[in-house]
Amino acid sequence: MRFLSTTQPLTVAIVGLGYVGSCIAATLAERGVDIIGVDTDAELIKELNNDYCRFREPELTELLLGGIAAGRVRLNTDYSDVETADVVLMTVGTPIRDDGSLAEDQLRGACQELSRHLREGQLVMVKSTVPPGTTRSLVLPLLEKSGLTAGEHFGLAFTPERLAEGTAIHELRTFPIVVGGLDADSAADAAEFWHRALGVETIALDTVEAAEIVKLADNWWIDLNIALANELAKFCALFEVDVLDVIAAANTIKKGAGNVNILLPSVGVGGSCLTKDPWMVWRTARQRGVEILTASTSREVNAGMPEYTAQLALDELVALGKDPAKAKIAVLGLAFKNNTGDLRATPTQPAVAALAKAAAEVRIFDPLVDAEPAEKLFGITPSASLTEAVKDADCIAILALHRELADIDFATLPVAKSCVVLDGRAYYSKEKIASLRELGYVYRGVGR
């Protein structure tokens, strides 16, 4: 039985309005889809209904708030309107516990509440990242408590979220979307929905489990690739070789359908996905008697990079005859990646902690991060300006190079003599490094 309505425009209920849910709501609304947004965070709903979006993402604020103002996006904290939707997307948080297992509370709660409002003929799609088997073993039985049967009365599919912060809206408009259905009709409806709603290519897989694994495979690969880059950086440092030169040269060789593609080293990996998805792989495999080594190894390598990067700065201070315990260190960029204000699992936090443990004074500054969450996470009141942060600094540690920090005039900064510039994620060119040295700075990067 097919479940996707032929009605135009479609009405879509999005359960979970965090970063992913908000980006999807904004993009679908732009395409003419009516949105019913549901989230248990009453403060989030209040903020959005009062023209404030807490998530920093290009185009998101104007699209989402514009959709709300036009009446195309309606938000609430309860599920009362969900039964009027043609399609229900589940985008709730799926964190993991310390042992790598899924902390299923949000997903379970959303499914239980949705079961009370599910109606015949709806298509339900899970988009939250989960261990393979979760849609079938957890979501399905909870939804069928409604008295309806999946595949007979409603459709059920899994479609992984594969967005990168900073480019999410663009990716929703252009990336192929993977779907896997509980049955053939659910899969066909899911594929048709995304094609109709976004006009993008869809890739239909044979099972929901295959679709669930796709997201894990993507992030497993990314985390492992970055771990390779980070260890390569350490290796290059032994020979005073610039790791970026090595990577650029290594990536010119063709392999398979493309080229060798080593990513870039940095202060570490953060965000809500790369830090947990490999552990989902590791835990799920172990439960089935298979020991996956690469997932845990990549996590160990990348989790060690913040302290390693901090030590680079401390070593340079010592080499200059400066006592780290008396040094002033300015950390610029606190988010987990460039051009975002997201602090979730940011590697800059353990890097700052390592610097603070060894240095007399550490100041922090990030133009994209609000002061309150920064102070709560780092235990340091952020400086009000770049100038305030770097005044008399013995080291400037650039751990996230946002566009707002790209044009720093190092010649005018009121820093101490022989100030160290620690490049944790700026990837400055050789020309830039030479100009810094001409100004009297001492440059040190990860593998550079």
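At 49% relative accessibility, Phe235 counts as partly exposed, because that value falls between the limits of 20% for buried and 50% for exposed residues. Phe235 is placed in helix α8, which covers residues 208-237. Together with Leu238, Phe239 and Val241, Phe235 forms a nonpolar patch on the surface of this predicted model. The accessible area of the four residues together is about 440 Å².

The protein contains 16 helices and 15 strands. A compact globule of 448 residues would have a radius of gyration near 22 Å, and the 24 Å found for the protein agrees with that expectation. Taken along the principal axes, the box filled by the C-alpha atoms is roughly 75 × 50 × 35 Å. Of the 448 residues, 54% are buried. Among contacts with a separation of 6 or more, 73% involve residues 24 or more positions apart. The protein exposes about 19,000 Å², and carbon and sulfur atoms supply 53% of this area.

Strand β7 has two pairing partners to consider here. Strand β6, residues 155-158, runs antiparallel to β7 and is joined to it by 2 bridges; in this pairing Phe158 stands opposite Gly180. Strand β8, residues 202-205, pairs with β7 in the parallel sense over 4 bridges, and here Val179 stands opposite Ala204.

Strand β11 (328-332) is likewise mostly covered, with 4 of its 5 residues buried. Strand β11 pairs in the parallel sense with strand β12, residues 361-365, over 5 bridges. Within this pairing, Lys328 stands opposite Glu361 of β12.

A helix supplies a further view of the interior. In helix α3, residues 60-69, the buried residues are Leu60, Leu63, Leu64, Leu65, Gly67 and Ile68. In general, an α-helix has 3.6 residues a turn, so residues three or four places apart point the same way. The elements that cover the buried residues of α3 include α1 (19-30), α2 (42-49), β3 (73-76) and α6 (168-174). Just after α3, Gly71 takes a positive phi of about 85°.

Most residues other than glycine have a negative phi. Ala345, however, has a positive phi of about 55°. Ala345 is found in the loop between β11 and α13 (348-358) and is partly exposed, with a relative accessible area of 43%. Ser418 also has a positive phi, of about 55°. The position of Ser418 is in the loop between β13 (395-398) and β14 (420-423), and at 27% relative accessibility Ser418 counts as partly exposed.

The charged side chains complete the picture. Side chains of opposite charge can pair when their charged atoms come close. The count of salt bridges in the protein comes to 28. In one of them, the side chains of Glu209 and Arg136 meet at 2.7 Å, N to O. Glu209 lies in helix α8 and Arg136 in helix α5 (residues 134-143), so the pair ties together parts that are 73 residues apart in sequence. Arg136 is partly exposed, with a relative accessible area of 36%.

A second salt bridge joins the side chains of Lys430 and Asp245, at 2.5 Å from N to O. This pair links distant parts of the chain, with Lys430 in helix α16 (residues 430-438) and Asp245 in helix α9 (residues 243-250), 185 residues apart. Lys430 counts as partly exposed at 47% relative accessibility, and Asp245 is partly exposed as well, with a relative accessible area of 38%.

Arg448 belongs to the segment after β15 (442-445) and Asp423 to strand β14, and the two are 25 residues apart. Both Arg448 and Asp423 are buried. Finally, Arg2, Asp189, Glu192 and Arg196 are linked in a network of salt bridges.

How values were computed:
Residues are numbered from 1 along each chain as its sequence is written. This is a predicted model: local features need pLDDT of at least 70, side-chain atom pairs count only at pLDDT 80 or more; totals for chains, interfaces and linings use all residues. Side-chain values use heavy atoms; hydrogens and water are left out. Patches are made of residues with over 30% relative accessible area and no salt bridge: like charges are joined within 9 Å, nonpolar side chains (Val, Leu, Ile, Met, Phe, Trp, Tyr) within 5 Å. Accessible areas come from the Shrake-Rupley method with a 1.4 Å probe; for residues, only the protein chains shown count as cover. Buried means under 20% relative accessible area, exposed over 50%, partly exposed in between (1.4 Å probe, protein chains only). The radius of gyration is taken over C-alpha atoms; the globule rule is 2.2 Å times the number of residues to the power 0.38. Contact means heavy atoms within 4.5 Å. Two strands pair if DSSP finds at least two bridges between them.
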